[in-house]
Amino acid sequence: MELILKYFPDLTPAQREQFAALYALYADWNAKINVVSRKDFDQLYLRHVLHSLAIAKVCQFKRGARILDVGCGGGFPSVPLAILFPDVQFLSCDSIRKKITVVEGVVAGLGLKNLETHCGRVEAIDRKFDYVVSRAVTAMPEFVKWIWKKIEVGQKGSLPNGILYLKGGDLDEELARTHMRWYLYEIRKFFEEEFFDTKSVCYTPKQ
């Protein structure tokens, strides 16, 4: 929790309680359904929660914004972002039922009212969103193909609507294959921990 407060000191008491509750909730669910690697579970706040919140350092969502999290796994980045932005609507999507079961359990345990889930392929979702977020689910050209038509042109945050994608390593070649303009935000400029040294938020606007 100290790690979250270090970079997000202005949390409300309710948000502090929800972030503090994450460890016990995920520990309980992870014992039943392994969605967070057991070898780094002790690093939950660093490697999963804070990593997810890097998106908030790049783009502040406005009230009423609609966010789609594709391949959410156990709920990252959408669960931490839904705590941080209680007036924003999130849809967490994953095709693996047991992962969605964990997300639903954590959401219920937190009392989150602004996050719903979808178990199935993202192509089956027939809705529009302002932003799509994700954490390294597939190669970017494939990802863009899945979701590009689901993003509505506009601006419901501090950046124009688009994709905010968490990914590590050398991304130049992969992003070039999309034939789109990308902006890379190095997470180490927001968070000083060594874990983030090679990680970025990749952003492209829907124009």
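At what angle do H2 and H5 pack, and how far apart are their axes? The angle is about 140° and the axes are 10 Å apart; axes are lines fitted to C-alpha atoms, for helices over the stretch in contact, with angles from 0 to 180 degrees between N-to-C directions. The model is predicted, so local features need pLDDT of at least 70 and side-chain atom pairs count only at pLDDT 80 or more, while totals for chains, interfaces and linings use all residues. Residues are numbered from 1 along each chain as its sequence is written, and side-chain values use heavy atoms, with hydrogens and water left out. Helices (H or I, at least four residues) and strands (E, at least two) are DSSP runs numbered from the N terminus.

H2 and H5 are therefore oblique to each other; angles under 35 degrees count as roughly parallel, over 145 as roughly antiparallel, 65 to 115 as roughly perpendicular and the rest as oblique. H2 passes H5 in a right-handed crossing, a term used when the near helix is turned clockwise from the far one by less than a right angle, anticlockwise being left-handed. On the H2 side the contact is made by Gln18, Ala21, Leu22, Leu25, Tyr26 and Trp29, and on the H5 side by Thr101, Val102, Gly105, Val106, Gly109 and Leu110. Contact here means heavy atoms within 4.5 Å.

H2 itself covers residues 13-32, 20 residues in total. From its first C-alpha to its last it reaches 30 Å, close to the 28 Å expected at 1.5 Å a residue; the expected span is 1.5 Å times one less than the number of residues. H2 bends by about 35° at Leu22, where the bend is the angle between axes fitted to the seven residues ending there and the seven starting there. The buried residues of H2 are Gln15, Gln18, Phe19, Leu22, Leu25, Tyr26, Trp29 and Asn30. Buried means under 20% relative accessible area, exposed over 50%, and partly exposed in between (1.4 Å probe, protein chains only). These buried residues of H2 pack against helices H1 (2-7), H3 (44-58), H4 (78-84) and H5 (97-110).

With H3, the axis of H2 comes within 11 Å and the two cross at roughly 130°. That makes H2 oblique to H3. Phe19, Ala20, Ala21, Leu22, Tyr23 and Tyr26 of H2 make the contact with Leu44, Tyr45, Val49 and Leu53 of H3. This crossing of H2 and H3 is right-handed.

H3 has 15 residues, which should span 21 Å at 1.5 Å a residue, and its end C-alpha atoms are 21 Å apart, in agreement. H3 bends by about 35° at Leu50. Since 13 of its 15 residues are buried, H3 is largely enclosed by the rest of the structure.

The next helix in the picture is H4, which holds Val79. Val79 is buried, with a relative accessible area of 0%. Leaving aside neighbours within four places in sequence, Val79 is in contact with Leu22, Tyr26, Val103, Val106, Leu110, Leu112 and Leu115. Val79 and Val107 are 28 residues apart in sequence and 7.5 Å apart in space, C-alpha to C-alpha. In the loop between strand E1 (66-70) and H4 sits Pro77. A cis peptide bond, with omega of about 10°, joins Phe76 and Pro77.

Asn114 is found in the loop between H5 and strand E3 (115-119). At 5% relative accessibility, Asn114 counts as buried. Its contacts, apart from neighbours within four places in sequence, are Ala82, Phe85, Pro86, Val88, Gln89 and Phe90.

Glu174 counts as buried at 16% relative accessibility. Not counting residues up to four places away in sequence, Glu174 touches Thr138, Ala139, Met140, Pro141 and Lys167.

The loop between H7 and E6 includes His179, which has a positive phi of about 60° although it is not a glycine. Most residues other than glycine have a negative phi, and most peptide bonds are trans. His179 is exposed, with a relative accessible area of 72%. In strand E6 (residues 183-186) lies Tyr183, which is partly exposed at 32% relative accessible area. Outside the four places on either side in sequence, Tyr183 is in contact with Val201, Cys202, Tyr203 and Pro205.
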